[in-house]
Amino acid sequence: MTSKSQPERNLLMDSSARQLLADTLSAIGLEIADVDTLGNDDSNEIGETKKVSGIDSVVVYSAKDTVRFDMKEMKMRLRGDAKFDYKDQKLESEVIELDFKESTIHASGIKNTNGILLGYPKFNEAGEQYVGEDIRFNFKTKKGTIKLGETELSEGFYFGETIKRVSESEFFVENGYYTTCDSPDPHYHFGSPEMKMIANDRMLLDPLIFYVEDLPIFYLPVGLFFPTQGGRQSGLLVPSFFFSKNRGVVFEDIGLYWAVSDYFDTQVTADFYSKGGYIIKNKSNWSLKDVHSGNVELKYGKTRNDPDSEYSQDWSLRLNHNQKLNPSEQISANLNFLSSNFNANTSTNQLTRSLQNASSNASYSRSFDNGSSISLAFTREQNIITEDYTQSENASIRIPNIYPLKSFVSPNSWLRNVSFSLSSSARRSTRRTMQADSSIDFDDKFLVSHTPNISISPQLGFFNVSPSISVKANNYLRRVKKRFVPEDSSVSESIESGFFTEAWASYGLNIRTRLFGMIDDKHQLLGFIKPSLIGIKAFRHTWEPTLSFRYTPDYSNSAFYDTYTDENGREFRYSVFEKDGGAHAPSNLIQSVSYSDVQSFDIKIARGDSLEDKNVELMKLNFRTSYNFAADSLNFSDLTLGFRTPAIKFINFNGNATFTFYDQDIIRNETTGEPESLRKVNRFLIESGGGLAKLTRLSLNVNTSFSSDGISFDNQNLPPPADSPEDSISLGERFRIRDTDEYMEPDIFGDSTPGYLPLNVPWSVNLGLSYAYTRPVTIGREDNSRINLTARFSFSLTSTWNINSSAQYDFIQEELLNPSISLTKDMHCWDLSLQWYPIGFSRGFYLRFGIKASQLKDLMLEKRSAPIY
């Protein structure tokens, strides 16, 4: 054997020997690359290669120790981190031997004095990797064997004493097993003395033995197969099986999945209850990247919650579709229809069971290069209990801002910013209502509305002045005429069909400015207090007042309104277009001025010479009120106040309140004279000694969240917890660890653990407290107050144990609402989860223990208890 310092002489072949080698390799379909026998000073390898063209393919090989070729026997031996590449086949091993006469290759490792295998073979073909103690392969037949081999196919690992390859896709395994656990010593596996694998198709076992921690748990004395194809595969779906007190023997989700194409799949499943009926389900999905996606789900069944109840016929239809027709045109649909008792009879989810409404919508939209757009929309709201619904169809067009004067005035003129925009829409709506006598009433409405808008925003010094003209118009296809009938004291209605227009305008003017106040070391508070004494560089107060004027004419005497008189001579005014809804022309004169105010408080904190100063917003306050000069009473509107604290990271505090300036009188029943309600009257509270204003509504919200981030002891030099999951290990590294017994089992009893363990229990808490108050308007009713505390808590006892809980408490009713506790345990390739609802309508629990891998997700144990079961 030749050392690295003295290259092998028989590598220095003359032209005749090289030609003999080339002819030999050509006979078996190979061509050897040109070899630099003198090596390279920059490399420790002998056999550095240079690419040359080949008749069939090029063989590239190298070795760090020796490359030896026997011309007589036509054999080659590579030693020392040997590598051999041929087409898409790559082989690495300590020793590689090639027999060109037999077209075979043999790779093996070498054991050291301690009996540890070094340089074990690794074979890779078209991305599929195999490792083992000994690999033999034939280039012509594509057959080979691996002793103590291991490979990974389709998200699973295969082991065997001997793996024999009989074709490019078929393998026989002696004493083999299959697992999805990536631990060097798998926590579970399926074993069999005889296995056959068909790559990307299936795995056959005869018989099947299921092991957990190397203990046989289940034995099936007949042969069967498992699919091993990646991605979506058609086939039968394994159902869930359990017993229910109210519904008997339960089989859930038994059925068939069909992957029709790369863009469409569907599955048909069924739930069977020996005492509670059945549900048949079909769900189909479709998707084409950047074009469309969606799904449709159909369910139908006859179910009952217990044997003493009658069967209920339940059904549901859910359709979701999104499609981009082109970059400026798209459609979407989200339709949801179901029977009245479907959620209550079929769902185990607490929130779903309490839903009473089903919403549907669909839309089409298109935009144009000039910014204008058109859209079509459909919406439907259904009460699944009463089966009442409201649905509407809407078509709209929008023309963006147009600047008609921009080309006619100077660049510095504010007239350039005068803009015009228009939006129009046509809306038809239908409302179905069941009356008290069980009759059904349908109310149809239709209108076309137009909203042109003119925007003017001149800048006058420090003030922004924004005049506005708002014009609105509606088109109708009918109008109503009312007449009082003295004979029965009723009001009759007659409908006149045609094309009618209702139009009105309003005018406004907004004046807005912004003022700033600053306190810093140069501008001290009270002349001597410096902000820097408390670590603040500056304090800023921003005041943004807005004064608005609004004028809307009175259209009550126009053709848009009519009147009728009852038997007592009282006149009643009504809109002739009230049958079709919409925003009608105002029937009252409005001449109002409103004032709104926004005040912000900020501080600036210095962060050193190398960092920019940090601006922090402490609080923002706002309030608004108005005065209507044209009203005959109650000229002042309510005063609204609001605040929020956005700067404090660990807490969010906000609220709003409404105050009235007017007093209230008691309204009595005309028959009994008993007080019934309170009515606001045109008398200020201060006149009655009630103060300047009275609170009518109040809402306060406090939210906070905090966790253990930053509160943990250093554990970098300590071993991980005993039950922490192993990191993912490569195929070859896992083989080496198992072969050399380097893998250390978890130190369950602490024999190899230091005398203490790091205290590291990550946790988080989210708390929310809300208070709401509404002053009642009905005599005898208490103030409507609500105080709710919402809490969410989670923590990890270890890196694998997680506990989450949530609940809400009503302080007024003294009631705990919707508490739930969930527990999960990560067991590496297994997981354990428990969901528990201790009280409430959905009280019960759901326990699951199963394998994580998606292809084996149906291998699990379940236990559940809920009202539906």
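Mentor: The model is predicted, and the description should be read accordingly. The largest nonpolar core comprises 43 residues. Within this core, the residues with the most contacts are Phe 84, Ile 96 and Tyr 188. Strand 5, spanning residues 75-86, supplies the largest share of the core, with 5 residues. For Phe 84, leaving aside residues up to four places away in sequence, the contacts include Ile 96. Phe 84 also touches Val 59, Val 60, Tyr 61, Leu 91, Leu 98, Ile 105 and Phe 139, together with Gln 89 and Lys 90.

Strand pairing may be considered next. Strand 14 (residues 156-165) pairs with strand 15 (residues 170-179) in the antiparallel sense over 7 bridges, and a hairpin of 4 residues joins them. In this pairing, Lys 164 stands opposite Phe 172. Strand 15 is also joined by 8 bridges to strand 16 (residues 188-198), again antiparallel, where Phe 171 stands opposite Met 197.

Finally, a buried charge deserves attention. Glu 329, in strand 28 (residues 329-338), is buried yet has no salt bridge. The nearest side chain of opposite charge, Arg 366, lies 4.3 Å away, whereas a salt bridge requires a side-chain nitrogen within 4 Å of a carboxyl oxygen. Beyond four places in sequence, Glu 329 touches Lys 324, Tyr 364, Ser 365 and Arg 366.

Definitions and conventions:
Residues numbered from 1 in each chain as written. Predicted model: local features only at pLDDT ≥ 70, side-chain atom pairs only at ≥ 80, totals over all residues. Heavy atoms only, no water. Core = buried A, V, L, I, M, F, W, Y, C linked by side-chain atoms within 4.5 Å. Buried < 20%, exposed > 50% of the residue type's maximum accessible area, 1.4 Å probe, protein only. Helix = DSSP H or I, 4+ residues; strand = E, 2+ residues; numbered from the N terminus. Contact = heavy atoms within 4.5 Å. Lys, Arg positive; Asp, Glu negative; His and termini not counted. Pairing = 2+ DSSP bridges.
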